[in-house]
Amino acid sequence: MPASTSAATVIKARKGAERTPAQPSAPDEAEPPSGKHDFFWTYTEEPHRTRRLAIIKAHPEITKLCGPEPLTKYVVAGVVAMQVFWAWYLSQTPFWSVKFWAVAYVFGATANQNLFLAIHEISHNLAFRSPLANRLFAIFANLPIGIPYSASFRPYHLTHHKSLGVDGLDTDLPTALEAVFLDSIFGKAFFCTFQIFFYAIRPMAVYRVPLTWVHYLNIVVQLAFDLALVRLTSPTAVLYLLLSSFLAGSLHPLAGHFIAEHYVYETVTAAQRDPDARVPVPETFSYYGPLNWLTYNVGLHNEHHDFPAIPWTRLPAVYDMAREFYQDLPRHESWSYAIWRFIWDDNVGITCRVKRKNGGRVVGGGAVNWKETEIQA
C-alpha cells in the first residue's frame, strides 16, 4: 500500500479509537501502550540484513552489481563547476534580492542536495575502488557546500546502516528532546524548515567520533576554498553557497527524502507498538519518482539499505531483479507530499521512527567498532 495513500486509513482508525475510549476493543485495535511522545520501540532485527540474505539466495547474480560507478566522478565535477559559476555570477548581486534567492533555491539548493547525496555515495566507496581516493574525492565534492562535512558524515552514516534504529548510535533518529518540543504542527514545520541544522548538530550531541587526518584535511581544504572565493570574487559568493546548502535541507522538494526514507507513514497496530509482541514495523520507504534523476537514486532506499555496495546507477536493476521482494513494500509517491503530510497530518511526526534499545556498533569510534572490512559486508 503506498504511504501517500494510507492517511485516511490511519486517521479513521485513530479517531475512531478516540471517540469510544470506554468501549473494549479487539486486540489488534487496542490503544497503543506508549505515550504520545514515544517512538516505535522494537526488539526485532533490522529488516535489511534478513532481506539481503533472502534475495542473494533467490538471485545470487545480484552480487555482480556491486562495485564503484565511474560516472559518479564526472557528474560531481560538473555540479561543482556549476556551483562555482553561480557563486561567481551572483558575487555582486545583493543578498536580499529576489534574483539571489531564486537562483539559490532553484539551482543552488538542487545542486547542493545533489552533492550531499554524492558524498553519501562516496561514503560507501562507490566512486573509486581505492578507499583513499573516495575520501579525497568526497572533500572535493564538499567544496560548494561551504562548510567541511564530508569526513564527519561517513562514520555517522555508516553507523546508521550498520546500527539502524539503535538508540544512541543511529544519529538519523530524532532525540527524545526533539520529540517533546517538536511534536506539533508548528514544531514539525520548524523542523522541516531548519532540518539541515538538526542533521548537522544532532550527531555531536549523541556521540562524537574521533578526528582523523581526513577531518583536518577536509577543514583546511574547505577553508582555503572559501577564502579563495572571497578574495577572487566577494563574500557574497560564499553566502550563495551557504544559502544553497540551507535551502537544500529546508522546504525544498528534494529535501523530502530526509523525511520520506525512515519516518513511519503506515498504519501501525497495537501489536506492532508493543515491543514484546516482536511484530516488525515498516521502517524504510522507497520512492520511485523522477526526482531520483537529481539525487543518485536515493529514493530507492530499501534497495540501498539492502545492498549498500551497489551504486546508484544499478539500484533500479536491484528492484527489477528482485521485484517480488520490493513491489508490495510501502512506498512514497511524492517527496513534496511527504513533507506536507509530515507537517499537517497528526498521525505522522517526530516520534514516527522505529528505535531499538540494544545492539549495534559504531563506525570510526567508541569502545566496540565495525572494522573497515565489515562495513560493506
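**Cavities and helix packing**

Tutor: Let us begin with the cavities: this is a predicted model, and 2 cavities of 30 Å³ or more are counted in it.

Student: How much space lies in the largest cavity?

Tutor: The largest cavity holds about 50 Å³ of space.

Student: Which residues line the largest cavity?

Tutor: Its lining consists of Leu164, Gly165, Asp170, Leu173, His262, Glu283, Arg353 and Val354. Sorted by class, that lining has 3 nonpolar, 2 polar and 3 charged residues.

Student: And what is the volume of the second largest cavity?

Tutor: The volume of the second largest cavity is about 30 Å³. Leu117, His120, Glu121, Thr295, Tyr296, Val298, His304 and Leu315 form the lining.

Student: Which helix gives the most to the lining of the second largest cavity?

Tutor: Helix 4 does, with 3 residues. By class, the lining of this second largest cavity comprises 4 nonpolar residues, 3 polar and 1 charged.

Student: Let us stay with helix 4. At roughly what angle do the axes of helix 4 and helix 5 cross?

Tutor: The axes of helix 4 (residues 98-123) and helix 5 (residues 131-142) cross at roughly 175° and come within 9 Å. The crossing angle is over 145 degrees, which means that helix 4 is roughly antiparallel to helix 5.

Student: Which residues make the contact?

Tutor: Helix 4 contributes Leu115, Ile119, Ile122 and Ser123, while helix 5 contributes Asn134, Arg135, Phe137, Ala138, Ala141 and Asn142.

Student: How many of the residues in that contact are nonpolar, polar and charged?

Tutor: The contact of helix 4 with helix 5 has 6 nonpolar, 3 polar and 1 charged residues.

Student: A change of topic: which residues of helix 8 are buried?

Tutor: In helix 8 (residues 185-193), the buried residues are Gly187, Lys188, Phe191, Cys192 and Thr193.

Student: What covers the buried residues of helix 8?

Tutor: The cover includes helix 7 (176-182), helix 9 (195-206), helix 11 (235-248), helix 12 (256-260) and helix 17 (335-344).

Student: Now for the whole protein. How many helices and strands are there?

Tutor: The protein has 18 helices and 4 strands. Of its 377 residues, 53% are buried.

Student: Among contacts between residues at least 6 apart in sequence, what percentage join residues at least 24 apart?

Tutor: Among those contacts, 78% join residues at least 24 apart.

How values were computed. Residues numbered from 1 in each chain as written. Predicted model: local features only at pLDDT ≥ 70, side-chain atom pairs only at ≥ 80, totals over all residues. Heavy atoms only, no water. Axes fitted to C-alpha atoms, helices over the stretch in contact; angles between N-to-C directions. Helix = DSSP H or I, 4+ residues; strand = E, 2+ residues; numbered from the N terminus. Parallel < 35°, antiparallel > 145°, perpendicular 65-115°, else oblique. Contact = heavy atoms within 4.5 Å. Nonpolar A, V, L, I, M, F, W, Y, C, P; charged D, E, K, R; others polar. 1 Å grid on protein atoms, 1.4 Å probe; cavity = no way out; pocket = protein on both sides within 12 Å on 5 of 7 lines; lining within 4 Å. Points joined across faces, edges and corners; volume = space filled by probe spheres on them. Buried < 20%, exposed > 50% of the residue type's maximum accessible area, 1.4 Å probe, protein only.
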